[in-house]
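Trainee: I'd like to learn how to read a strand and its neighbours in a model like this one. Can you walk me through it?

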Amino acid sequence: RRAVGAVGAVSFLEEVVVPLMHRIGEAWEAGDLNPAQEHLAVQVTERVLAWLTEPMLAKAQGPRMVVATLPEERHGLGAKLVAAAAAMAGWKVSDLGVDLPAENVVDGAETVDARAVALSLVNPAHNDAAMASLRTLRDRLPSSVRVLVGGAAVSKMKRSSLPKGVETLSSLDSLRKALSR
C-alpha cells in the first residue's frame with residue numbers, strides 16, 4: 001500500500017505487481033516456493049489489488065468487462081491484474097473467477113451486458129483446451145463483444161490458430177491501448 005502512495009496506482013501495477021508476479025511464478029517453478037508460500041503471496045497481492053480498485057469500481061461509468069480464467073487454469077492473479085487495470089481505465093469489471101468453462105463465461109458476459117471478455121492464460125499445458133474454449137467464446141458471443149487474452153501461456157500459442165476476433169495482449173500497456181479503442 002505504501003508503494004501505491006509512492007509511485008501511483010498505474011505505476012504500481014507496472015513496476016511492482018507485474019515484476020512480483022513474474023518472481024512468484026519463477027520461484028514456484030524452480031521449487032523455491034512451496035504451494036502454501038505461493039498462495040500466501042498471491043492472496044496478499046490480491047487483497048492489495050482489491051483495496052486499490054474497489055473505490056474505482058464503485059464509481060466506474062465506462063463499459064462493462066468480465067474477466068476469468070478457462071478450465072484447468074487455477075491461477076487468477078493475472079485476471080485480477082487485468083481487472084485492476086481496466087478499473088483504472090474507468091471500466092466496470094465483473095470478475096467471474098478461475099477454472100470456468102467457456103459457456104459459463106458467455107453466460108456471465110451476457111448477464112452483465114459486457115462489451116469485452118478478458119481471459120488470463122498462464123499454463124501452456126492447457127493451450128489446446130484453451131483454443132477450443134476461445135472458439136466457443138468467439139462463436140457464442142456477439143462480434144461486438146471483444147475477446148482479449150493475455151498471460152504467460154499466450155506467448156506459447158500459435159497466433160495464426162487463434163479464432164478470428166480474439167485479441168492477444170502482451171502487457172498492461174497493450175491492454176490499456178485495447179481498452180481505449
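Predicted model: local features only at pLDDT ≥ 70, side-chain atom pairs only at ≥ 80, totals over all residues.

Trainee: How many residues of β4 are buried, over the strand as a whole?

Mentor: That's 5 of 5 for β4, which spans residues 146-150. Buried here means under 20% relative accessible area.

Trainee: And which strands pair with β4?

Mentor: For pairing, check the bridges and the direction. Strand β3, residues 116-120, runs parallel to β4 and is joined to it by 5 bridges. In that pair, Val147 of β4 has Val117 opposite. Between β3 and β4 the chain passes through helix α6, residues 127-140, making a right-handed β-α-β crossover. Then there's β5, residues 166-169, also parallel to β4, with 4 bridges. Here Leu148 sits opposite Glu167 of β5.

Trainee: Now helices. At what angle do the axes of α2 and α7 cross?

Mentor: With helix pairs, read the axis distance and the angle together. Helix α2 (residues 9-29) and helix α7 (residues 172-180) have axes that come within 11 Å and cross at roughly 145°. On the α2 side the contact uses Val10, Leu13, Glu14 and Val18, and on the α7 side Leu172, Asp173 and Arg176.

Trainee: What kinds of residue make up the contact of α2 with α7?

Mentor: Sort them by class: 4 are nonpolar, 3 are charged and none is polar.

How values were computed:
Residues numbered from 1 in each chain as written. Heavy atoms only, no water. Buried < 20%, exposed > 50% of the residue type's maximum accessible area, 1.4 Å probe, protein only. Helix = DSSP H or I, 4+ residues; strand = E, 2+ residues; numbered from the N terminus. Pairing = 2+ DSSP bridges. Right-handed = clockwise from strand over helix to strand, strands pointing away. Axes fitted to C-alpha atoms, helices over the stretch in contact; angles between N-to-C directions. Contact = heavy atoms within 4.5 Å. Nonpolar A, V, L, I, M, F, W, Y, C, P; charged D, E, K, R; others polar.
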